[in-house]
Number of protein chains: 2
Amino acid sequence: MTRKRLIECATAIFTEKGFSRTGIDEILKQVNVPKGSFYHFFKSKEDFGVAVIDNYANYFGNKLDRFFNDEGLTPLARLNAFIENAKLGMEKYHYARGCLIGNLGQELSQLDDPFRHQIESVFLDWEKRLCQLFKHAQRAEEVATDIDCADLASYFWIGWEGAVLRAKLVKNKKPLQTFQQQFFARLH
Amino acid sequence: MTRKRLIECATAIFTEKGFSRTGIDEILKQVNVPKGSFYHFFKSKEDFGVAVIDNYANYFGNKLDRFFNDEGLTPLARLNAFIENAKLGMEKYHYARGCLIGNLGQELSQLDDPFRHQIESVFLDWEKRLCQLFKHAQRAEEVATDIDCADLASYFWIGWEGAVLRAKLVKNKKPLQTFQQQFFARLH
């Protein structure tokens, strides 16, 4: 359970402050774990970072599954429900947190190749899931059949991360709403 | 000229490394300026940051004018020319730099209200210029008349910053191309 608590605490702090500016000591103090115990679970701060990203990717993948497989809604309504949920999530944390993957992607793209590849593979996983949803949406005639679903999914996450960033800057949901309205307005 | 050299050097370094991780000493050393001289021009690092953002906003605004007022091209072809130019710019610096405003917006959204407002006002200026271009595009029948040009301009810059971020992560132009293709594909 100590490993899990370390990872969960770091997920919140990294999402808000980033990786470089967060000291391990700060996390250990919050969860009341001695340094020796940390190195029992993780070889280094980098190793810890990899585990935190993996954990978030797993959590977020399950969340996407929950929304994207909701048979009670049309495919595009499922995507919309995910967005509405994310809007509430950002509001809850006063637009301070945003998306761990987007934040670390920005921060670590300069620094470290293994992180870069790990983060990019998370984006590719999200794209794959969303591409499937868009294919369902095409069959349900919600998305024009001449649109390439893989490209559209890639385009969605590119814009989504831009919208989350901008929402953090202005501290309100307007960028998320603009993105949502404009993206959905032109899929036919 | 010392002031200008300090600002130009900082623009490159901030765009690559960010504001917090860059020391004033590093910039002084690169342009060979003594510390006392720095404080002759700027009250503090924050004051310097404001001047660097102002300078970039001015440079980028002129660049947008140059592209968006090019009467030899149709309105959307002008926007496309801007994107092609930006793609070359990112390639030139091996996808290490991206956009100063997007980078600092991400980094400083946590930290500092005056910076937040300054950066947001730069985005709003870009939106205003692009909104005008889209209105020309509507008159030229390149953009459907039922599209709100202000919202479309806001949507463009949201997605654009997302694409620049992602290009920095993967170190290639594919995210910029996907954004470009998908954005232009559905404006009618």
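Predicted model: local features only at pLDDT ≥ 70, side-chain atom pairs only at ≥ 80, totals over all residues.

1. On the fold, chain A has nine helices and zero strands. Its order along the sequence is accordingly α-α-α-α-α-α-α-α-α.

2. What about overall dimensions? The C-alpha trace of chain A spans about 55 × 35 × 30 Å along its principal axes. A compact globule of 188 residues would have a radius of gyration near 16 Å, and the 18 Å of chain A agrees with that.

3. Two further figures describe the interior of chain A. Of its 188 residues, 36% are buried. Taking contacts between residues at least 6 apart in sequence, 62% join residues at least 24 apart.

4. How do helix 1 and helix 4 of chain A pack? Helix 1 (residues 2-17) and helix 4 (residues 45-68) of chain A meet at an angle of about 85°, and their axes are 10 Å apart. Angles of 65 to 115 degrees count as roughly perpendicular, and these two helices of chain A are therefore roughly perpendicular to each other.

5. Helix 1 of chain A brings A:Ile7, A:Ala10, A:Thr11 and A:Phe14, while helix 4 of chain A brings A:Phe48, A:Ala51, A:Val52, A:Asn55 and A:Tyr56. By class, this contact has seven nonpolar residues, two polar and no charged ones.

6. Now to the contact between the chains, which takes 30 residues from chain A and 30 residues from chain B. On the chain A side, helix 1, helix 6 (100-108), helix 7 (113-139), helix 8 (149-170) and helix 9 (174-185) each supply at least two residues. Which helix of chain A gives the most to this side? Helix 8 of chain A does, with 14 residues. The side of chain A that touches chain B divides into 11 nonpolar, 10 polar and nine charged residues.

7. Finally, a look at helix 8 (residues 149-170) of chain B. At 1.5 Å a residue, its 22 residues should span 32 Å, and the end C-alpha atoms are 31 Å apart, which agrees. Helix 8 of chain B is mostly covered, with 18 of its 22 residues buried. Just after this helix, B:Lys171 takes a positive phi of about 60°.

Note on methods
Residues numbered from 1 in each chain as written. Chains lettered and ligands numbered in written order. Axes fitted to C-alpha atoms, helices over the stretch in contact; angles between N-to-C directions. Helix = DSSP H or I, 4+ residues; strand = E, 2+ residues; numbered from the N terminus. Parallel < 35°, antiparallel > 145°, perpendicular 65-115°, else oblique. Contact = placed C-beta atoms within 7 Å. Nonpolar A, V, L, I, M, F, W, Y, C, P; charged D, E, K, R; others polar. Expected span 1.5 Å × (residues − 1). Buried ≥ 20, exposed ≤ 12 C-beta atoms within 10 Å, placed from the backbone. Rg over C-alpha atoms; globule rule 2.2 N^0.38 Å.
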